[in-house]
Amino acid sequence: MTETKTRSPEHRVAAGAIEGLRQDLFQNVLDYRPLSPLGTDGPVIRRLPKSFRKGVVWFPHAVVGVVALISLMEGVFAANTYSPFGMVTVVTAFLPAVALMMTLVRPVLAFWVSIAITPLVAATSSDWPWGASAFACHLGVLVVVAARTRPRTAAWMWLITLFVGSALGNFAAAYSSSSEPMAVASALALLLVALVQVRRDAQREVTVQRTVTAVERDRRTLLEERTTIARELHDVVAHHMSVVAIQAEAAPYRVENPPPELEQAFVTIRENAVAALTELHRVLGVVRAEDYEAPDAPQPTLAEIDRLLDNVRETGLETEKTVTGAVREFPQGVELSAYRIVQEALSNTLRHAPGAAAKVELGYVLGGLGVRVVNGPARGLVKPSPGAGHGITGMRERVAMLDGEMTAGSTQDGGYEVAVFLPVPAQRSEAEDGEGA
């Protein structure tokens with residue numbers, strides 16, 4: 001541990017560089033890594049006809065194959081110019097092309113094969129150390145391997161190529177050496193590949209961050225909607241608990257000479273109701289936002305739907321209300337949720353479909369309450385507002401809280417429809433109980 005801390009920064013940098021070289025070009029050299037086809041969702045491929053997409057995804061493979069074929073033909077032609085087909089042709093033409101094709105399946109091994117055959121190519125070529133075909137193939141190997149690895153690997157390959165080219169170039173005359181052109185061409189090509197890789201990695205990182213942000217935003221929106229619902233239901237539950245406490249306190253006075261046990265039972269009921277009400281207020285303090293202000297008026301019910309529609313009509317939204325079934329009172333939580341769903345659906349209509357008309361349908365059935373709000377497409381010159389996208393989330397949370405069902409989606413005419421069913425258990429009236437008795 002002490003020896004590691006006393007090492008100089010230069011030593012640590014050199015050790016890190018050597019370790020990077022080992023990981024990039026010496027570790028897993030023989031790994032079989034076939035080049036995958038391009039994705040069909042790319043910005044260019046997805047604009048092509050479907051009949052061409054299946055072939056275009058193999059475009060990188062085709063480019064490598066065409067370059068290898070052209071280099072092979074040029075190498076064979078150049079070799080046969082000076083001697084008949086033989087070992088010289090195999091070395092100067094076939095081996096560089098094979099190394100280039102190997103990049104499609106074993107990229108790191110292909111680089112080392114291309115480096116290993118460079119002295120052989122130089123010994124049998126008129127140009128030193130790379131002939132025209134070998135030059136193109138080795139440059140192609142560098143580009144493909146760099147594109148399939150990372151920028152640090154490209155830097156190591158360029159340095160090794162520069163070292164090998166300089167070492168072999170010392171044996172050739174200055175006018176016939178191809179080391180300098182290889183150094184310049186490979187540097188430009190690898191720099192371009194590195195820039196493309198960095199840009200691609202940055203885009204991928206941005207996409208990941210956007211996805212994480214969207215997930216966190218949805219989660220925060222869900223928590224905000226649940227908090228809003230909890231605050232609203234607090235008023236409903238607090239009202240019922242207050243009624244229980246008041247009735248428990250007044251009940252003994254309605255009975256002449258009540259027994260002590262009955263008085264004590266009502267005292268216990270009142271104490272429990274007050275304790276529950278106190279804890280409920282504490283829960284509200286936990287979920288309350290910093291800028292939350294307690295409402296002055298009680299929470300709305302379905303009896304105030306007409307007032308809501310009148311307010312909406314004043315903003316220019318044409319609304320129509322339809323009621324089916326026998327109108328009756330539901331539990332306050334159900335009526336509050338139904339009111340908020342209608343309110344949010346109409347608000348969405350104002351934001352997303354300005355100028356459209358809306359229909360509100362309330363269906364009173366034996367099993368509960370049906371709510372349907374449908375609007376037509378946007379009309380007029382006012383552009384739709386994007387909104388925050390919280391409305392549907394809040395509706396679904398309210399419906400899920402009551403074990404109801406909800407569907408929301410576009411209609412055939414370009415409008416939007418929200419349909420909700422809130423189940424309410426049927427309760428027998430006192431008259432029905434008397435008849436049954």
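Residues are numbered from 1 along each chain as its sequence is written, and side-chain values use heavy atoms, without hydrogens and water. Because the model is predicted, local features need pLDDT of at least 70 and side-chain atom pairs count only at pLDDT 80 or more, whereas totals for chains, interfaces and linings use all residues.

**Exercise 1.** Determine the strand order of the open sheet and which strands stand at its edges.

*Solution.* Begin with the elements, which are DSSP runs numbered from the N terminus (helices H or I, at least four residues; strands E, at least two), and with pairing, which requires at least two DSSP bridges between two strands. The five strands follow the order β1-β2-β3-β5-β4, with mixed pairing. β1 (318-324) and β4 (405-410) each have a single partner strand, so one side of each is left without a neighbour in the sheet. Next, take β1 and β2 (residues 357-365), which pair in the parallel sense over seven bridges; Glu320 stands opposite Lys359 in β2.

**Exercise 2.** Find which strands helix α12 lies across, and its angle to β1.

*Solution.* Angles run from 0 to 180 degrees between N-to-C directions of axes fitted to C-alpha atoms, for helices over the stretch in contact, where contact means heavy atoms within 4.5 Å. Helix α12 (residues 305-314) lies across β1 and β2, at about 160 degrees to β1.

**Exercise 3.** Decide whether Gln197 is buried or exposed.

*Solution.* First locate Gln197, which lies in helix α10 (residues 179-250). Buried means under 20% relative accessible area, exposed over 50%, and partly exposed in between (1.4 Å probe, protein chains only). Gln197 has 3% relative accessibility and therefore counts as buried.
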